[in-house]
Amino acid sequence: MQISAAVADGGHHKPAPRPNLARRKVAGRALVAIASLGGLFVLLVQILHTTGTIRAGFTDWRPILYAYLLWSIALGVGQVMIRGERGLRALFLLPAVLFTIAVVIFPTLFGFYIASLDWNLSSLEGPHFNGLDNLIALFNDTYYWNALGNMLFYTLAVLAEYAIAFGLALLLNTDIRARKFFRVVFLLPLMLSPVAVSWMIGKSLMEYRFGPAATLARSLGWDNPAFFAHPWIARGSIDAMDAWVSIPFIMIILLAGLQALPKEVLEAAKVDGANGWQSFWHVTFPIMLPVSITVLIIRIIFKLKLADIVINVTAGGPGGATDTVSSFIYRVYRDRSNVGYGTGLAIFYLLLIIVFLSVLLRLTSRRMQKVA
Amino acid sequence: MSTLTSASATVRKRRGSRRAKHIVGRMLIYGALLFWAFVCLFPIYWTVSTSFKSAVDVTQGHLIPWLDFQPDWKGWRSIGLSPDSILRTSNPRDEFMSRFENSVITSVGASLLALVLGSLAAYGLSRFRYKFAWMRNDDILFFFMSQLILPPVVLALPFLVLYKALALLDTRFGLILLYTLTVLPIVIWIMRDQFNSIPIELDEAAFVDGLSVWGAFLRIILPLAVPGMAAAFILSLVLCWNEYFFAALLTSTDAKTLPVMVASQTGSQGINWWSMAALSTAAIAPLVLVGIFLERYIVSGLTTGAGK
């Protein structure tokens with residue numbers, strides 16, 4: 001744990017007397033060492049207990065969690081004792097870092113391990129190692145590739161969401177009455193849980209027999225308004241629901257960008273005789289490009305997690321046409337209890353996302369808004 | 001003379017046509033605004049009104065209360081929340097209330113925990129320069145933000161196995177830990193922006209007055225950061241309240257949250273429209289209220305860093 005901070009405050013703390021300082025440093029190091037040894041000891045006992053080597057141990061692994069917590073506290077106290085002022089500063093960052101390591105880094109690494117197992121929770125035999133078998137099975141799994149193909153469609157649909165959101169942001173940015181009312185109303189869908197939206201829109205508004213959307217479609221001349229029967233229509237319907245929930249998010253950020261737009265530039269364009277359309281394409285849009293790219297990337301990141309609506313409305317149907325990767329893996333676990341294979345699919349997806357986003361960020365980083 | 005009048009006539013005509021254009025433009029703008037307001041509100045209206053309908057009114061697509069159909073507490077009675085059934089014991093209501101309680105505790109707990117961890121880290125990142133192995137401040141911030149790209153499905157199955165071993169499966173505490181993790185990057189992002197906007201001279205003045213780093217943070221800076229904290233807290237609350245994926249996989253009986261309950265009802269055969277509508281209404285009502293009354297904070301939370 002090498003956290004140090006540059007002195008930026010002009011040395012306002014009084015240096016402690018030398019011998020005292022040295023003694024405190026030693027005590028701090030000893031505390032961290034003892035805590036680490038204690039934690040490792042508890043861990044070792046529990047591992048040996050689980051493998052059946054020794055009798056002593058705990059019924060579950062919960063004490064390991066407490067041990068980690070105690071070790072974290074000891075580490076924090078130790079930092080302050082060893083480094084003094086700089087330790088106090090490290091203390092700001094330490095809780096979040098230790099928390100993230102415990103709940104993200106460790107489980108993700110553990111996920112890599114599970115992904116290499118043949119482990120079905122419903123079968124009697126426990127997990128056993130099968131190397132790259134899950135990966136090979138993955139390449140032959142047409143449903144998984146189908147789901148990945150669907151993700152491509154859902155990701156591209158972000159552009160349509162963006163176009164609508166931009167239009168709405170422009171509308172809200174004009175000089176209108178009751179702007180506050182419209183802004184609140186336009187924001188409301190973002191508040192609703194995707195699960196409730198699945199029922200409100202997917203299962204009731206778009207209900208085939210007497211949902212209002214179906215009735216409207218019939219009166220417009222579509223004889224057979226089945227929103228979830230034909231693959232392309234089903235995909236479109238699912239995406240329409242997701243768009244309904246998330247367009248407000250894009251809209252709000254674009255609106256903030258529009259409001260920060262320098263007024264002089266638009267006025268200059270007007271003086272030069274540009275009409276509304278021209279001044280949008282030649283002035284507003286280029287200035288908004290950094291905000292646009294930032295919000296598009298954030299939106300794509302969230303789109304890649306799409307699952308709730310698919311799980312609750314179509315469960316991936318018809319024939320996997322609406323499946324997202326997340327909803328497919330959810331069913332691999334729910335219907336087949338296949339933890340090993342499911343985790344393998346998820347980890348592979350994560351690697352794909354990382355590669356995809358790295359390329360995307362590399363391509364757009366120059367045009368993106370300065371984030372950090 | 002005549003040329004002059006004709007010229008002023010054309011000017012007037014041009015002005016008239018410009019005004020007509022202006023009015024048409026206004027009408028188009030308001031038409032589009034009203035259309036989208038309808039798109040946003042109709043599903044909500046449909047759900048709320050359906051909770052007061054009987055079967056016939058649903059199948060015939062009646063829309064306007066008192067004119068089309070006679071509103072009735074039917075849906076609300078079926079979950080024990082209508083005026084005449086609220087005082088009697090009701091199993092559906094007990095179930096609903098326990099799910100509601102779980103949702104409140106997990107989302108508030110996770111938001112608070114994320115706020116504490118995130119504010120501390122954000123303050124540190126905004127004021128001090130850290131070096132952790134090869135990582136500088138920007139790298140540490142990127143490390144936190146990169147958690148956002150992790151799809152829930154990657155963590156869900158390892159967590160299932162881990163929580164089973166830790167005896168945290170189907171507990172509120174387990175959900176709180178996970179939800180904290182999902183909102184932590186957002187809290188750090190908002191709070192760092194907030195702390196950056198507070199001048200560092202205030203810290204220095206506090207040091208001169210003899211306060212320690214933590215004293216300056218707790219007594220001087222934190223009270224000034226309340227708007228950012230409110231935005232971060234409310235945004236986290238919304239995200240946690242609506243979370244479904246982890247809750248569906250990691251809870252079964254005790255710690256089930258509202259979205260899981262709503263989802264499990266839609267799955268069953270022969271759903272009662274009115275009771276589903278009442279349930280959905282009750283599940284979304286708190287957030288609709290948050291959206292209406294705390295819109296300012298949500299917008300300021302979402303737009304952190306935009307337009308600068």
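In the predicted model, chain B is divided into domain 1 (1-38) and domain 2 (91-302), with bounds taken from an automatic or database domain assignment. The C-alpha centres of these two domains of chain B lie 51 Å apart. Residues are numbered from 1 along each chain as its sequence is written, and chains are lettered from A and ligands numbered from 1 in the order in which they are written. Because the model is predicted, local features need pLDDT of at least 70 and side-chain atom pairs count only at pLDDT 80 or more, whereas totals for chains, interfaces and linings use all residues.

The contact between the chains (C-beta atoms, placed from the backbone, within 7 Å) takes 82 residues from chain A and 82 residues from chain B. On the side of chain A, the largest share, 15 residues, is supplied by helix H3 (residues 85-115); helices are DSSP runs of H or I with at least four residues, numbered from the N terminus.

Helix H14 (residues 339-364) of chain A packs against helix H6 (residues 152-166) of chain B at an angle of about 145 degrees, the axes being 8 Å apart. Axes are lines fitted to C-alpha atoms over the stretch in contact, and angles run from 0 to 180 degrees between N-to-C directions. Among the residues that meet here are A:Gly342, A:Ala346 and A:Leu350 of H14(A) and B:Val153, B:Leu157 and B:Val161 of H6(B).

H6 of chain B is also among the elements that cover the buried residues of H13(A), together with H5 (142-173), H12 (308-313) and H14 of chain A. Just after H13(A), A:Ser337 takes a positive phi of about 50 degrees.

How values were computed
Contact = placed C-beta atoms within 7 Å. Helix = DSSP H or I, 4+ residues; strand = E, 2+ residues; numbered from the N terminus.
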